[in-house]
Number of protein chains: 2
Amino acid sequence: MKFSKVPEATIRRLSRYSRCLEQIQAKGGQVVSSAQLASKCAVNAPQVRKDLAYFGQFGIRGVGYYAGDLLLDIKRILGADKEWRMAIIGMGNLGSALYSYKDFLKQNYKIVAAFDINPPQITGRISEKLGKPIEILHPDTLKEVTKERNIEIGIITTPADQAQKVANQLVEANVRGILNFAPTQIEAPEGYIVKDVFFTTVLDNLAYLLSA
Amino acid sequence: MKFSKVPEATIRRLSRYSRCLEQIQAKGGQVVSSAQLASKCAVNAPQVRKDLAYFGQFGIRGVGYYAGDLLLDIKRILGADKEWRMAIIGMGNLGSALYSYKDFLKQNYKIVAAFDINPPQITGRISEKLGKPIEILHPDTLKEVTKERNIEIGIITTPADQAQKVANQLVEANVRGILNFAPTQIEAPEGYIVKDVFFTTVLDNLAYLLSA
């Protein structure tokens, strides 16, 4: 299904709604009004209705939404109803931190491989920190491992000066989704999707709001 | 200066423009057209002009922008022309990773304190990893340390079940800006600004784009 011209902020809020709906479900909630969902997610109710309206008609007027149904619908919209298999490239502090979040990720996101240019030096140290053995592979094997393990998303957590090289290797391996945590802009050909996660972007955003 | 109704996406792009302008300056660029800036930042030129138009008139028609002047203007808009002093609370993997980014942050963002509920146990290990001694304080001292060190932004990197408690301590200490990396929604009274950085939000966004 394709939905054109949906603002990126709406997609981000859908992700937030799905997290809130999971919490509501965990507490036994079955029906939820847009006002309750809004309050749980710290947005306003018209915003919830407007965001959902991009994708069709949800819920029952005067009643609300069935939490389970809405959650499934949102996951379907987000493409989060399938399993996404991911690799982390760069197992320094940040890569290790993300890797150790492994078990906290939503079930449909799986980290299935970890890469680093210095596997022998770091494998022991990271295994010790994680409390269990970890397999760390050399990026030279990225193409074949990607094929074997059906990797669709690559997470770049290398230093800035290595990031473009790794991005090229991901493109070479036909990994279409790239999440870049390295503090530099990287480029990929059309058809590949790069999302940057810059710590300073969110700090700039916060600074702007604090100054206003 | 106040600018109302500026989309959040514009603020995020301004942050990106400032990063690109810094790179352009570092390479000796003095004048830059909106097309060049757009290309460097992987957006389109009309978007650059539209984003800047929210804040007034910049650049010279037919010539472009003076890179240095535009950078200063954008920093002023973002509130990034002053020093922001920050504390990290929760020195596990993620907290340590962010702390070790200390030296890579833009000069106006300074991490001036690190807190954890287990300072004695972790101080030695983290100092060893960082290659230099680190002072880790107990969150019970947050209020007095905030005052002494003029902390305005608190970065929460605790487990989810500790995050709201830490947020309350930050509010108690009058830290107005909160950056929350813990995978849970936290609440703060009016006047405080909370920005969440959820790994899964950006993954959901990427999954959406890959599915489209």
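The contact between the two chains takes 49 residues from chain B and 49 residues from chain A. Two residues are in contact if their C-beta atoms, placed from the backbone, lie within 7 Å. The model is predicted: local features need pLDDT of at least 70, side-chain atom pairs count only at pLDDT 80 or more, and totals for chains, interfaces and linings use all residues. Residues are numbered from 1 along each chain as its sequence is written, while chains are lettered from A and ligands numbered from 1 in the order in which they are written.

On chain B, the elements giving two or more residues to the side that touches chain A are helices H1 (8–26), H5 (93–100) and H9 (199–211) and strands E7 (177–180) and E8 (193–196). Helices (H or I, at least four residues) and strands (E, at least two) are DSSP runs, numbered from the N terminus. H9(B) supplies the largest share of this side, 13 residues. By class, the side of chain B that touches chain A has 29 nonpolar, 11 polar and nine charged residues. Here Ala, Val, Leu, Ile, Met, Phe, Trp, Tyr, Cys and Pro count as nonpolar, Asp, Glu, Lys and Arg as charged, and the others, Gly among them, as polar.

Chain A is divided into domain 1 (8–77) and domain 2 (84–201); the bounds come from an automatic or database domain assignment. The C-alpha centres of these two domains of chain A lie 31 Å apart.

Helix packing was examined next. In chain B, the axes of H1(B) and H4(B) (residues 67–78) come within 9 Å and cross at roughly 150 degrees. Axes are lines fitted to C-alpha atoms, for helices over the stretch in contact, and angles run from 0 to 180 degrees between N-to-C directions. H1(B) and H4(B) are therefore roughly antiparallel. Angles under 35 degrees count as roughly parallel, over 145 as roughly antiparallel, 65 to 115 as roughly perpendicular and the rest as oblique. Residues of H1(B) including B:Leu14, B:Tyr17 and B:Leu21 meet residues of H4(B), among them B:Leu70, B:Leu71 and B:Ile74. The contact of H1(B) with H4(B) has 10 nonpolar, four polar and two charged residues.

H2(B) (residues 34–41) and H3(B) (residues 45–53) pack at about 105 degrees, with axes 8 Å apart. That makes H2(B) roughly perpendicular to H3(B). B:Ser34, B:Ala35, B:Leu37 and B:Ala38 of H2(B) make the contact with B:Ala45, B:Gln47, B:Val48 and B:Arg49 of H3(B). These residues divide into five nonpolar, two polar and one charged.

In chain A, H1(A) (residues 8–26) and H2(A) (residues 34–41) pack at about 105 degrees, with axes 9 Å apart. H1(A) and H2(A) are therefore roughly perpendicular. A:Arg16, A:Tyr17, A:Cys20 and A:Ile24 of H1(A) contact A:Leu37, A:Lys40 and A:Cys41 of H2(A).
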